[in-house]
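Please consult the sequence and the structure shown below while reading.

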Amino acid sequence: YSAPEYEIARHGSRIALIGAGNFFYRMADAADILEKEGFQPTLINPRCLSSLDTAALDALKDYDAVITAEDGIIDGGFGQKVAAYLSRYGTKVHCLGLPKEFPNEYAAADVVKACGLEPQQIATLAKSAL
């Protein structure tokens with residue numbers, strides 16, 4: 001068994017954006033927005049969600065904000081694993097994803113926006129966490 005190794009797509013400081021699955025691309029778009037506004041976020045693609053890359057997470061221990069986004073339910077999800085791990089350092093982690101509910105009918109774009117998962121919403125959250 002070898003431990004998972006996250007892909008560090010961009011190295012930065014103070015803000016880390018970790019996007020699981022297809023939401024990595026939303027985080028990349030949010031990173032672009034932040035960079036245009038003078039921030040240098042770290043952007044991470046975890047690639048493996050069942051185990052944590054503790055070395056990569058340890059490098060984030062002094063960050064002002066870590067934001068995770070996943071294309072699944074938040075409760076018990078990847079972001080909560082990251083938050084639990086980084087809590088030992090007191091690092092603030094904001095977990096974005098879907099609520100644990102099963103709507104009868106919905107428009108995916110509306111759900112994404114309601115959950116704060118649009119790139120501009122993620123960038124705004126990151127700035128407010130500083």
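A residue is called buried when its relative accessible area is under 20%, exposed when that area is over 50%, and partly exposed in between. The model discussed here is predicted.

**Aromatic pairs**

- Two aromatic pairs are found in a search of the whole structure.
- One of them joins tyrosine 6 and phenylalanine 78, whose ring centres are 6.3 Å apart; because their planes meet at 65°, the pair is edge-to-face.
- This pair connects distant parts of the chain, since tyrosine 6 belongs to the segment before strand S1 (7-10) and phenylalanine 78 to helix H3 (residues 78-86), 72 residues apart.
- Phenylalanine 78 has a relative accessible area of 4% and is therefore buried.
- Tyrosine 6, with a relative accessibility of 4%, is likewise buried.
- Phenylalanine 24 and tyrosine 25 also form an edge-to-face pair, with 5.5 Å from centre to centre and 80° between the planes.
- Phenylalanine 24 is buried at 11% relative accessibility, whereas tyrosine 25 is exposed at 56%.

**The buried face of helix H3**

- The buried residues of H3 are Phe78, Gly79, Val82, Tyr85 and Leu86.
- Viewed down the axis of H3, these buried residues fall within an arc of 125°, so they line one face of the helix.
- An α-helix has 3.6 residues a turn, so residues three or four places apart point the same way.
- The elements that cover the buried residues of H3 include strand S2 (15-19), helix H2 (54-58), strand S4 (65-73) and strand S5 (93-98).

**Charges over rings**

- The charged end of arginine 88 is placed over the ring of tyrosine 85, at 4.0 Å from the ring centre; tyrosine 85 is one of the buried residues of H3.
- Arginine 26 lies over the face of phenylalanine 23, and the distance to the ring centre is 5.4 Å.

**Cysteines**

- Cysteine 48 is partly exposed, with a relative accessibility of 25%, while cysteine 115 is buried at 18%.

Key
Residues numbered from 1 in each chain as written. Predicted model: local features only at pLDDT ≥ 70, side-chain atom pairs only at ≥ 80, totals over all residues. Heavy atoms only, no water. Buried < 20%, exposed > 50% of the residue type's maximum accessible area, 1.4 Å probe, protein only. Phe/Tyr/Trp six-rings, centres within 6.5 Å; stacked < 30°, edge-to-face > 60°. Helix = DSSP H or I, 4+ residues; strand = E, 2+ residues; numbered from the N terminus. Lys NZ or Arg CZ within 6 Å of the ring centre and 35° of its normal. Arc of directions from axis to C-beta. Contact = heavy atoms within 4.5 Å.
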